[in-house]
Amino acid sequence: MALLVCSAYAAQIASGPLLGDSSMSEVKIWIQTDSVAECVVSYWEVDNPAELFRTHPLVSSKRENFIVHCVADKVRSGTEYGYAVELDGKEIPIVFPEGYAEQGRIPLRFKTPEKWRHRLDNNGTPPEFRVAAGSCANIVQEGYGWEEPKYLGGDYRIFESIYEKRPDLMIWLGDNIYLGEEDWTSRTGFFRRYDHFRKQPYLRALNATAHHYAIWDDHDYGPNNSGESFGIRTSLWRCLSSIG
């Protein structure tokens, strides 16, 4: 007797999309799914929505913590694009968290840098852009087993306030998360703590509309005040390079 088990479960976005590096030729879009899925980002020029482009399909895997880096490589400099995320051929709407003042879907946008150095019409003046910066973004975790006094985390609506300023990019200046003792010695621990941070719903709109750049401080990879003397720092960097 044969038993056939079928699952109707469809993969969803666990966190993201998050905009990474933006250049005149390509833009990285980071996505994490909750199970194996084929990921594609479709995108279009805001001023010409009829022409649709698609990133190369990538399949998320357990080994890489279900994270993929989709690359929009058919872009032009100084151009604003709308985009959408598809999992297994189905578009996944990205919505504001419950309680946000503007309910509904987040308007997904990215913009490529302008060519300005040799332009005559602006006398070689660089274009204006808006930068947000921050650090020490601890997200309190229920039952987490290390010293987490309340002043290290709390009301995360500040991320929505930053989003409302419409920054072009966000610079994370270190201590972007706070690893605990059970985290910094294993790939599993790293994944677990970074997952907890990136799933914070108040980050959703900022992640999806500003380009993000980060540097490390001690808590991003190890104990307080750790540095090159922290022996497993290099191996942990290799781990993070696949999930960052």
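These notes go from the whole chain to single residues.

**Ground rules.** I am working with a predicted model, where local features need pLDDT of at least 70, side-chain atom pairs count only at pLDDT 80 or more, and totals for chains, interfaces and linings use all residues. Residues are numbered from 1 along each chain as its sequence is written, and side-chain values use heavy atoms, with hydrogens and water left out.

**Whole chain.** I looked up the secondary structure and got four helices and twelve strands. Helices (H or I, at least four residues) and strands (E, at least two) are DSSP runs, numbered from the N terminus. The chain has 244 residues, and 44% of them are buried. Buried means under 20% relative accessible area, exposed over 50%, partly exposed in between (1.4 Å probe, protein chains only). The chain exposes about 13900 Å², with carbon and sulfur atoms supplying 52% of that area. Accessible areas come from the Shrake-Rupley method with a 1.4 Å probe; for residues, only the protein chains shown count as cover. I then took the contacts between residues at least 6 apart in sequence: 70% of them join residues at least 24 apart. Contact means heavy atoms within 4.5 Å.

**Tyr 81.** This residue lies in strand β7, residues 80–87. Is Tyr 81 buried or exposed? It is buried, at a relative accessible area of 0%. Beyond four places in sequence, Tyr 81 touches residues including Tyr 43, Glu 45, Arg 76 and Phe 110. A polar atom of the Tyr 81 side chain lies 2.7 Å from the backbone nitrogen of Arg 76.

**Aromatic pairs.** I counted eleven aromatic pairs. Rings of Phe, Tyr and Trp (its six-membered ring) pair if their centres lie within 6.5 Å; planes under 30 degrees apart count as stacked, over 60 as edge-to-face and the rest as tilted. Tyr 43 and Phe 110 form a tilted pair, 6.2 Å centre to centre with 50° between the planes. Tyr 43 sits in strand β3 (residues 38–45) and Phe 110 in strand β9 (residues 109–111), so the pair ties together parts 67 residues apart in sequence. Tyr 43 is buried at 0%, and Phe 110 is buried at 2%. Ring pairs link Tyr 43, Phe 53, Tyr 81, Tyr 83 and Phe 110 into a cluster.

**Salt bridges.** How many salt bridges does a search of the whole structure find? I got seven. A salt bridge is a side-chain nitrogen of Lys or Arg within 4 Å of a carboxyl oxygen of Asp or Glu. Arg 76 bridges to Glu 45, with the closest N and O atoms 2.9 Å apart. Arg 76 is in the loop between β6 (67–72) and β7, Glu 45 in strand β3, and 31 residues separate them. Arg 76 is partly exposed at 48%, while Glu 45 counts as buried at 12%.

I also looked up Glu 86 and Arg 54, whose closest N and O atoms are 3.0 Å apart in their salt bridge. Glu 86 is in strand β7 and Arg 54 in strand β4 (residues 48–54), 32 residues apart. Glu 86 is buried at 13% relative accessibility; Arg 54 is partly exposed at 41%.

**Leu 173.** My last entry is in the loop between β11 (169–172) and α2 (187–198). Leu 173 is partly exposed, with a relative accessible area of 46%.

Definitions and conventions. A polar contact is a pair of N or O atoms within 3.5 Å; within protein, one must be able to donate a hydrogen and the other to accept it, and residues adjacent in sequence count only if both atoms are side-chain atoms.
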